[in-house]
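Please read them with the structure open.

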Amino acid sequence: MKVESYVLLFVGIFFGLVGLAYWLMSHEDAGAIMLLGTFLLGSVPGGYYLWWSRRMSPRPSDNPKASIEDGAGVVGAFPGSSIWPFVLGLGATFVGLALVFGAWTLAVGLFLAVAALVGVVYESRRGGLV
Amino acid sequence: MTLLAERPAVFDEGPAHEHEAGPSGFLKWVTSTDHKVIGKNYTVTALIFFLMAGAMALLIRAQLANPDSTLLSQHTYNEMFTMHGSLMIYLFVGPVSFGGLANYIVPLQIGAPDMAFPRLNALSYWLYLGGGSLMMMGFLTTGSAADFGWVAYAPLSNSINTPGAGPDLWIVALILTGFSAIFTGVNLVTTIYYLRAPGMTMFRMPIFTWNMLVTGILILIAFPVFTSALVLLWCDRHLGAHIFEVSGGGVPVLWQDLFWFFGHPEVYILALPFFGIVTDVIAVFSRKPIFGYRGMVFATISIAALSTSVWAHHMFTTGVVLLPFFSLMSYLIAVPTGIKFFNWIGTMWRGSVKFDTPMLFCVGFLATFLIGGVSGILLASPPVDFATHDTYFVVAHFHSVVMALVMGAFAGFFYWYPKMTGRMLREGLGKVSFWLMFIGTNVTFDPQYLLGLKGMPRRIAEYAASDGFTTLNRISSAGAVLLFLAVLVFLVNAFVSWWKPIPAGDNPWDASSLEWATSSPPPHHNFLWIPPVRSQRPVWDYNHPEDRILEHAKPRRGGLVGAAGGGTVLLQDVRLDGADTLDSGDADR
Amino acid sequence: MGIPGVAKLRRIARFLLLSTLALGLGGCTLPTFGAFRGATSQGQAEFKLWSWMTIAGLVVAVIVWGLILWAVIAYRRRDPNRIPRQFHDNLPVEIIYTAIPLIIVGVIFFYTVKTENKIDALAPHPAVTIKVTGFQWGWSFSYLNSAGKQVALVETAQTRPPVLAGNPTSPEYPQFVMPLGETTQVELVSADVVHGFYIPAFNFSRYALPGVTNDFDFTPVRTGVFAGHCAQYCGLYHAEMLFSVRVVEPGAFATWLNTQSAAAVAA
């Protein structure tokens, strides 16, 4: 997991330096804050991955000599089919319409969105089709 | 009962698991969370938006072919360039790459059964479709669609200057598609970090996958800023805020600052996937490994990092930005881009290059991106920008770059269409599309550099005969016809190839990465068998064992030890000593 | 490559060097691709920088295109069964083509900063001060005296502009006058949305922003009439928001200004 952490830490360090330079040279608030945000986006997960990479047991995907057999078995849960993404997308679109045109589409949109969120939670609990 | 996806051991005799009967037909499509289905959905939807935006471009060029043109009213023309740009940038080039091709190909290239979050992936697509539809719905409103340019500068975009539902729909649409992109970014990074096959270390991933990782991170950096800015604009328009209005104590230039902090990384989000495609395709068609793999990775990350530090080069003429900082950062992007260019050429160098359609489009990409890149360096200089900002010089620059990316997209389509459909696209028609597109791009956009230098501003609905812009505009409009024909020939090609298929097989291009180890199209959960991953080119190694790159082999003497390549050496310069064999596990064959 | 190849390269190099020298010493003017040489000293500084950058860009482009063309021709597949030598790295070459662009960037940046400082420099005591206001969809030029009071005004008629753009130098668009060889300071602002104050012949444009005034100088080096456009999309009649600039001898300028003030007083 080390290389993965380095990628994010590079982002963190780069924007730490650039953000500092930019702030000192310009004192422009908006840009400085956005660069600070980017610094955090790199350093927080990057720092976590670095810490975790030292504690985790090695994975086959980090081992250049691993054989495919080493990774055999369960990889993860990949829900194979679910209506809820479509329902949530539809709901979000209706909420969008409601923002522009107002009124009744908001009811439809919120209903669909809430139904989808509830549906997804239940689906995850009982295990969807894989 | 939950069935969990398994990565089969190499000697898995049985066929893929038979799942219990799922939905079929339309319901199967609507409930699908398979990255391959979602990738195809994205690609087809994006191509439809491309055709719509292309039609708008033809109208724009028809208008500008003559001086004093009254073909379109000013209002309609302003809608046309706004929606052309918006559709192309927000709804085509981005989604086709990170939503379409990446969704389909990245899990295959790393040997994964799917993306890390399949339902989130599906949600990304539906949000994209919903958002895109909302944007196009603007044309159906009384005031018509948004007409403030794809950048929607404040105060022009406020409710006093541009009232109506069309602009509102535009804003809401982009909030939805923004979330769609952010979810895809999360999916990409997580998938690449967690679902790689055994032996597929980070530095053995194909460059396309590396570029999609960096694109995913860029999406996470840039899109939230844009989504927030859109919400602020909404507050100005409808909730009585004065964030971007002087009258309430706001700062109009702040919109530009926020927008371009997103906008510049956005154009690299558009570009990096196609850099990745071109890298992989050139290597395959030159029958050589990528030249300077680590340099490529470093260059991609540098380009992404630098691209987030240059945003105010779009604001040089505001008079309120720090010119030297942003111009230096912008110039610096030329260095990693140059590294990539030389590495692409180095990949072809002393290779055995076959100019099938994907490779032709890659060469077109190289030739065209060079023009766009050099003109970009000119624009990175504030004094030159003072003279050329908001003129057709800028329009020519970004269209050179974007058309290069489109050629990269077509390289990707021709290269991966066989994998996705099991059929080949027609070579002859492909070559015709290429030449029409390459010549069309140059005839349409090279005169626009000259127009910009002559002083033609951009986003003008018409110009006078006395301006002296007529001849160059006419040449440019003629070129647009060639581009139209290029797309038409491609559509014919896609149609013919679908209805009269030429079977493709697993690996029609003798390519190197893992997606070519499985059938065309791949089965459910992608792989019945995965070859051992010992280098960046697992499938090539398996098919051409005498031409492999080896790691951890001891060199006989100095020779060409590619230290920068992480210890990879030429087979011919190496004598393998007994302990270090080609088979590092009995299951590898 | 054998000896004959090297001799051929030497001949090509000699030819290129001689032709470049001939070009330079012969004093022939290179094509400008339509760019303006600059009617102000600031504009001339921009033209000089642009020229050198364009030459550098073209040289780089020709070299890279040449490499691409060479690769496409020399390395095309002739034997379908041949697998070429699978090299993939050459650290010295990679370092070279990282270092050289860095150096080029450094040089360009140095000259860029010099030029932009020259263009953005503000004279402490300009000969003329004009307050330019952009609005939807026209311009207003207000001449200010040293106390900051308006002494003359030229502006787009507030009635709706003609439907189609005409010649910017025609009388239906406002024309402001500047004296040759003296520094005119412009204070640029917008009354509504962002506009772009663009004079192609001066190689210059700057945003007219609401609530923020942008100051810059023009020091004309040529008399003449020059077209002006709005270069930042500002709504429906953006294309028709034209104006022009006339540069005259200082004497003629003083006469003109007196006429304008007299007319303003009389009105």
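1. Why does Ser307(B) count as buried? Ser307(B) is buried because 24 other C-beta atoms lie within 10 Å; the cut-offs are 20 or more other C-beta atoms within 10 Å of a residue's own for buried, 12 or fewer for exposed, and partly exposed in between, with C-beta atoms placed from the backbone. Ser307(B) belongs to helix 8 of chain B. Helices are DSSP runs of H or I with at least four residues, strands are runs of E with at least two, and both are numbered from the N terminus.

2. Setting aside neighbours within four places in sequence, the contacts of Ser307(B) are His264(B), Pro265(B), Tyr268(B) and Ile333(B). Two residues are in contact when their C-beta atoms, placed from the backbone, lie within 7 Å. Between Ser307(B) and His264(B), which are 43 residues apart along the chain, the C-alpha separation is 6.4 Å.

3. A word on provenance. This is a predicted model, in which local features need pLDDT of at least 70 and side-chain atom pairs count only at pLDDT 80 or more, while totals for chains, interfaces and linings use all residues. Residues are numbered from 1 along each chain as its sequence is written, and chains are lettered from A and ligands numbered from 1 in the order in which they are written.

4. Chain B has 589 residues, of which 66% are buried. Its secondary structure comprises 16 helices and three strands. Of the contacts in chain B with a separation of 6 or more, 79% join residues 24 or more positions apart.

5. An automatic or database domain assignment divides chain B into domain 1 (25–499) and domain 2 (550–589).

6. At the interface, 61 residues of chain B are in contact with 56 residues of chain A. Helix 4 of chain B contributes the most to the chain B side, with eight residues. The chain B side consists of 39 nonpolar, 13 polar and nine charged residues. Here Ala, Val, Leu, Ile, Met, Phe, Trp, Tyr, Cys and Pro count as nonpolar, Asp, Glu, Lys and Arg as charged, and the others, Gly among them, as polar.

7. On the chain A side, look at helix 2 (residues 29–55). Its buried residues include Gly31(A), Met34(A), Phe39(A) and Tyr49(A). The buried residues of helix 2 of chain A pack against helix 1 (2–26) of chain A, and also against helix 6 (207–238) and helix 7 (252–286) of chain B.

Methods
The expected span of a helix is 1.5 Å times one less than its number of residues.
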